Amino acid sequence: NLLDICAHLQETTLITPHCTEHPPEPATTHIADLSDVRGQHHAKRALEVAAAGGHNLLMLGPPGTGKTMLASRMPGILPPMKESDALETATIASIAVGGFDASIWNIRPFRAPHHTASGVALVCGGSHPRPGEISLAHNGILFLDELPEFDKRVLEVLREPLESGHIIISRAAQQAEFPANFQLIAAMNPCPCGYLGDPSNRCQCSPPQIRRYRGKISGPLLDRIDLHIEVPNLPRSELRQDTARESSADVRARVVAAREIQLKRCDKANNLLGNREIEQFCGLNENDERLLDTAIEQLGLSARAWYRILKVARTIADLSDTEKIQTSHLTEAITYRRLERSKI
């Protein structure tokens, strides 16, 4: 406290130095474990890739398939924060409503605003700007459930911070800048009722209704999401047979190893690689270049999506501890662009 500081500066009672050589691991006992999720092995793999490279992820599937359950397990497999990142996160929380809770020190934030949240609540605002949800999720996860139910104008404000990692709020009397380097995890149903493609055939949504529903997610926003996966409704027999399930600790060990490779290579996660770094570290052989060109042409992807596929392929190669991107890594990265393949 302040009296301790005064006594220290007057050299009457010195403060014991704080050792940071071996910082304690963050307490993760209250974080739900990935082993609780039955089935959905493809989704778990995508979650691991997203965690390893810091990539954005969108899950598409009917209600009750485990999308929210999977997203809530994401903090348990993310690599630990550096002390500087933990200080940034704590500083932002300290100026927000409610302040900072010291019990969650060094735990990556997980923010899940309701779909009725306004643009001001999501970004920040007010006469005296305070950090919004995207800044409170700095160095952590921003989970948007029922993505198309958000106001389209609210979703569009995410486009700039997803690229830049910060948000600037201008007012007549002042301008405020807040960090917003968050990882976006989103979930949505395939149609308004949620049961399009379900074996029960209970979906009665018309094609125009489905187009309007999915059209709330703009192409530029979708372009900034690296992994698009389907989380289908699994048969009960498959759920009962799924007994050998990896824990969050097992997955986290692979994620941490892959992230260390990235930090040694260029001191950043793969999702932050620039164009020159992509050219340097994400090179392909001639056959794989033709494969990627064909995929880009057939799926109608943008140049941004082309770069994002390469970054995801680099992460998959890091998870397998491979120096160069191989065909299997590139193929897996292409399959994660599901929404382009289904022409949404």
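The following dialogue goes through a predicted model and the terms used to describe it.

Student: What kind of model is this, and how are its residues numbered?
Tutor: The model is predicted, so local features need pLDDT of at least 70 and side-chain atom pairs count only at pLDDT 80 or more, while totals for chains, interfaces and linings use all residues. Residues are numbered from 1 along each chain as its sequence is written, and side-chain values use heavy atoms, with hydrogens and water left out.

Student: How do you know whether the radius of gyration of the protein chain agrees with a compact globule?
Tutor: The radius of gyration is taken over C-alpha atoms, and the globule rule is 2.2 Å times the number of residues to the power 0.38. For 344 residues a compact globule would come near 20 Å; the protein chain has 22 Å, which agrees. Along the principal axes, the C-alpha atoms fill a box of roughly 75 × 45 × 45 Å.

Student: What makes up the secondary structure of the protein chain?
Tutor: The protein chain has 17 helices and nine strands. Both are DSSP runs numbered from the N terminus: helices are H or I with at least four residues, strands are E with at least two.

Student: Why is Ser 135 called buried?
Tutor: Buried means under 20% relative accessible area, exposed means over 50%, and partly exposed is in between, with a 1.4 Å probe and protein chains only. Ser 135 has 1% relative accessibility, so Ser 135 counts as buried. Ser 135 lies in helix 6, residues 133-136. Of the 344 residues of the protein chain, 47% count as buried.

Student: What does Ser 135 touch?
Tutor: Contact means heavy atoms within 4.5 Å. Not counting residues up to four places away in sequence, Ser 135 touches Ile 92, Ile 167, Phe 178, Pro 179 and Ala 180.

Student: Is Pro 161 buried or exposed, and what is in contact with Pro 161?
Tutor: Its relative accessible area is 2%, therefore Pro 161 is buried. Pro 161 is in helix 8, residues 159-164. Leaving aside neighbours within four places in sequence, Pro 161 is in contact with Ile 134, His 166, Ile 167, Ala 180 and Phe 182. Pro 161 and Phe 182 are 21 residues apart in sequence and 8.5 Å apart in space, C-alpha to C-alpha.

Student: What makes Pro 129 count as buried?
Tutor: The relative accessibility of Pro 129 is 15%, so Pro 129 counts as buried. Pro 129 lies in the loop between strand 3 (124-125) and strand 4 (130-131). Not counting residues up to four places away in sequence, Pro 129 touches Ile 169, Arg 171, Gln 174, Ala 176 and Phe 178.

Student: Why is Met 69 called partly exposed?
Tutor: Met 69 has a relative accessible area of 33%, so Met 69 is partly exposed. Met 69 is found in helix 3, residues 67-72. Apart from residues up to four places away in sequence, Met 69 touches Asp 36 and Val 37.

Student: What makes the phi of Glu 11 and of Asp 321 worth a remark?
Tutor: Most residues other than glycine have a negative phi. Phi of Glu 11 is near 60°, a positive value in a residue other than glycine, and Asp 321 has a positive phi of about 55° although it is not a glycine. Glu 11 is found in the loop between helix 1 (2-9) and helix 2 (41-53). Asp 321 is in the loop between helix 15 (303-319) and helix 16 (327-335).

Student: How do you know whether Glu 11 and Asp 321 are buried or exposed?
Tutor: Glu 11 has 66% relative accessibility, so Glu 11 counts as exposed. Asp 321 has a relative accessible area of 63%, so Asp 321 is exposed.

Student: Which residues of the second largest pocket lie nearest its centre?
Tutor: A pocket is an open set of points on a 1 Å grid over the protein atoms alone, where a 1.4 Å probe fits, with protein on both sides within 12 Å along at least five of seven lines; lining residues have an atom within 4 Å of a point. The second largest pocket is lined by 23 residues, of which Ile 104, Ile 107, Arg 108, Pro 109 and Phe 110 lie nearest its centre. Its volume is about 420 Å³. The largest share of the lining, four residues, comes from helix 4.

Terms used. Points joined across faces, edges and corners; volume = space filled by probe spheres on them.
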